[in-house]
Amino acid sequence: MYDYTIIGAGIIGSLIARELSKYDLKVLVLEKENDVANVQTRANSAIVHSGHDPKHGTLKAQLSVLGNSLYEDLEKELNISILRTGAFVCAHGPKEEKVLDKLYENAQLNQVKDVHFLNRKEAVEQEPNLNDDITKVLSLPTTKVCFPWEVAFFALENAIINGVELKTNQEVMEILSLDNHYAIKANSGSIYQSKNVINAAGVYTDDIKNLLNDDADFTITPRKGEYFVLDKSAKGTISHVLYPNPSEKGKGVLITPQVHGNILLGPTSEWTSDKNSISTSQAGLNFVRENAQYLAKNIPFDLIIRSFAGVRSTSTYGDFYIKESLKHKGFYHVAGIDSPGITAAPAIAQYLVKEIIKLDLPIKKSFNPILKKKIVFKDLTAEEKAKKHQENPLYGRIICKCEHITEQEIVDAIHGPLGSDTIKGIKKRARAGSGLCQGGYCESLVLKIIARETNKPLNQVNYDQVGTPILGKETKESL
Amino acid sequence: MKKQYDITIIGGGAAGLSAAIEAYDPKINILVIERDKLFGGILNQCIHNGFGLHVFKEELTGPEYAHKLIDQFLEKKIDYVLDTTVLDIKKKDDFVITATNIEQGPMRIISKTVILTSGSYERSRGQISIPGDRPKGVMTAGSAQRYLNIDGYLVGQNVFILGSGDIGLIMARRMTLEGANVLGVAELMPHSNGLTRNVVQCLHDFNIPLYLSHTIKDIKGTESLESVTIQEVDENYKFIEGTEKTFLVDTLLLSVGLIPDVKLFESLKLNIDSITKSAYVNQKLEASIPGLFVCGNALHVHDLVDDVTIESRKAGISARSYALRKTHVESLSKAITFDQNIRYIVPQTIDFNQLDTELDLAFRTSKKIQRATFIVEQSNQIIKKVRATYIVPAEMQKIKLQPKDFVSNEAIHVYIEEA
């Protein structure tokens, strides 16, 4: 019997797991995917917003401002990557400047720090490639960028070290409300008994709600966003997060520098009926291309290395829905977590545990908030590199030549508390295949390392989900 | 291995080995750095024949061609390291190369000259922004070739190929021979991007349809690829309504172009040709930084490995003369200009202070031309005329110039007169 079962191992579920791992509780995380942070968390803008935008008085406003400051703690404790970019909300002419005034007022009410206006000249000094028609910007210095996959991974890895259990490939099919506990049946056939359940299933939170026959008043109306990724050689073209003014023309295509030097363009924002649809479209990508130029000039479109789409779990409720079910005691919904969900994530976890669950337990003595820093070999000093290579010669061999990822980093990504044995899992953890050639060179090498480290035949190494091997039939019998 | 060299060659494929063999001189120290565990580069996975007719006067497979080069190279007792990746090249007085391998870890090598022969990489799905789902089963043709010919695995059973580059054509035949069904090849352009012989021998001979002026409209598949839809395009590359065709396939191979792999230029401030996406070089294959030579597919994408060898031999000779040279040669470089029928010319410049041997202008046209005359002008005089027929962008053209052909030290202009 578990004390708490969290459904969903995205950034929200992972941070809740970490929050609960502080206490002497038996906690389980169930994930329907083959890996953590595989749906909404893996496809978004990665921005830790200042909290200027959500309307004052909403939960979104409260938790995004708090969440932004909690990222400072996550950086210290989990050693996550943070890029302190600051942000500009851009206005083209007097009409849009009026909207900036309103945003400024809202940001003040939300107690966002250091918000100020810059005239065109001042803004261009800091951001030389700003679009020529931008007349004024609202500068938000506390805006920063994280690497959401990593935040989820590290939080969950830390939670696992502190006793939480994770089970992947467990799609929840049935939830029975029994006396004093719940029975959760997964597609694997396993049944998990838990006193409390936290529904953090992202775009599927309403499906989970329906399994329980609960009448919580939210439904997910998913919105798709399409993006372009520019290679990290584009680094420096734009150094702030650039937001358009909320107007008919802009519709929210942003330019966002990323922690690894890449630049993201996007997203679009289209309602979709299909929660699983992460396909891109010609129209969507053209829209991104066009609108990005409304914010900046000299965008190096020739450095596009990838396009992707993600689905946001916008709900009919209008704000974050973080409540206990009225009908089912001990069943908690954390739903409708769309933008600024990444920002608010650490605050959502705290809010749920402190304000909603009202957990009143002492922090266990064995709780260790610190996650040892992951070794990114290329970021070490020459002395550290020499030392690490002495300890472990595999740091000497480069596997991903675009991103300078060594064989030992791949091995580390395979093993470890939250290891992976898929090509995509390794890409997420170690960045092998994230560069200019998009795995053209290193994929076959990574595949062989996975096979070696996990004792699998080459054609049983999956690309992502179970049943997606890269290699098919062996053509020649081996001798 | 020493800490200091006269010539360091980065890459031990066809270009690197050819350059090394030719640069050899008992008076100088040469090092070849190869990132793979074997020499030969991409030749090792090109198990089809058709290589070597010009250089070795016989038809060879890729691995055979590589072996001939490797044997010649090893005879010279030139220093080399395998399984070693170069991370960075900086230019101070000499070149400072940072490389790494398992035995030594990160190391620095000082070199008077560098020949960069890092080859090319394949353009990926992301770079051409094909819309649709992103399932498993979409990969570059070269990756599939490596998995099949080196590792011995087919990547799928029902295959569609986008792009009629040579690797895609070769893979259409290769996968068919291994029992896969290749349903077709789509090419955005109204003409094939591969060599004519490959279109005939790899597609026509196996009844594999080639859809010219077609491209991918959509990709479907939640986890693994389920189907691709192609559609015809007009002369402005806009889709023509009602021309969609859907193929149920588990594999989509991309053969949509090679790009010189010049990541190692990052720390060097070089003049770059926006068309070839590699260094601006003079006829000695020397980049805008003295002592840096670039050749093979790292400089521009070649049709034939024989051409890579011929070009790289020149780079080897140039690097050797540079290394042996006692006095500095002032450059007198003039950029070659050309008309709109030409996409690019390599070399991009001629250094008139180093005009001691014949030189080759290698170029591609921007369109198909039946019959034409290539004309080279200098100081308003025609200094060379070459007639050619059946000129296609997929096939590299060449003009040979002798030092005596030049009438001045002024820039040359190249143009095409259609017949």
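Helices α1(A) and α2(A) are roughly perpendicular to each other, a label given to angles of 65 to 115 degrees, where under 35 counts as roughly parallel, over 145 as roughly antiparallel and the rest as oblique. In this predicted model, α1 covers residues 11–20 of chain A and α2 covers residues 59–78 of chain A; they pack at about 70°, with their axes 14 Å apart. Helices (H or I, at least four residues) and strands (E, at least two) are DSSP runs, numbered from the N terminus. Axes are lines fitted to C-alpha atoms, for helices over the stretch in contact, and angles run from 0 to 180 degrees between N-to-C directions. From α1(A), Ile11(A), Leu15(A) and Arg18(A) meet Tyr71(A), Leu74(A), Glu77(A) and Leu78(A) of α2(A), where contact means heavy atoms within 4.5 Å. Five of these contact residues are nonpolar, none is polar and two are charged. In this classification Ala, Val, Leu, Ile, Met, Phe, Trp, Tyr, Cys and Pro count as nonpolar, Asp, Glu, Lys and Arg as charged, and the others, Gly among them, as polar. An α-helix has 3.6 residues a turn, so residues three or four places apart point the same way.

Residues are numbered from 1 along each chain as its sequence is written, and chains are lettered from A and ligands numbered from 1 in the order in which they are written. Local features need pLDDT of at least 70 and side-chain atom pairs count only at pLDDT 80 or more, whereas totals for chains, interfaces and linings use all residues; side-chain values use heavy atoms, with hydrogens and water left out.

Helix α10 (residues 407–414) and helix α11 (residues 423–430), both of chain A, pack at an angle of about 115° with their axes 9 Å apart. These two helices, α10(A) and α11(A), are therefore roughly perpendicular as well, and α10(A) passes α11(A) in a right-handed crossing. On the α10(A) side the contact is made by Glu409(A), Ile410(A), Ala413(A) and Ile414(A), and on the α11(A) side by Ile426(A), Arg429(A) and Ala430(A). The residues of this contact comprise five nonpolar, no polar and two charged.

Helix α11(A) is largely enclosed by the rest of the structure, because seven of its eight residues are buried. Buried means under 20% relative accessible area, exposed over 50%, and partly exposed in between (1.4 Å probe, protein chains only). The buried residues of α11(A) are Ile423(A), Lys424(A), Gly425(A), Ile426(A), Lys427(A), Lys428(A) and Ala430(A). They pack against α5 (148–161), β17 (304–312), β21 (405–406), α10 and α12 (443–454) of chain A. After α11(A) comes Arg431(A), which has a positive phi, near 70°.

Lys428(A) pairs with Asp35(A) at 3.4 Å, N to O. The partners are 393 residues apart, with Asp35(A) in the loop between β2 (27–30) and β3 (47–48) of chain A and Lys428(A) in helix α11 of chain A. Asp35(A) counts as buried at 5% relative accessibility, and Lys428(A) is buried at 2%.

Over all chains the count comes to 46 salt bridges. In chain B, Asp79(B) and Lys2(B) form one at 3.1 Å, N to O. This pair spans 77 residues, from Lys2(B) in the segment before β1 (4–10) of chain B to Asp79(B) in strand β5 (residues 79–81) of chain B. Both count as partly exposed, Asp79(B) at 22% and Lys2(B) at 39%.

Chains A and B also meet through helices. The axes of α12(A) and helix α3 (residues 141–151) of chain B come within 10 Å and cross at roughly 50°, which makes α12(A) oblique to α3(B). Glu443(A), Ser444(A), Leu447(A) and Lys448(A) of α12(A) make the contact with Arg146(B), Tyr147(B) and Asp151(B) of α3(B). By class, this contact has two nonpolar, one polar and four charged residues.

Technical notes:
Left-handed = near helix turned anticlockwise from the far one by under 90°. Salt bridge = Lys/Arg side-chain N within 4 Å of Asp/Glu carboxyl O.
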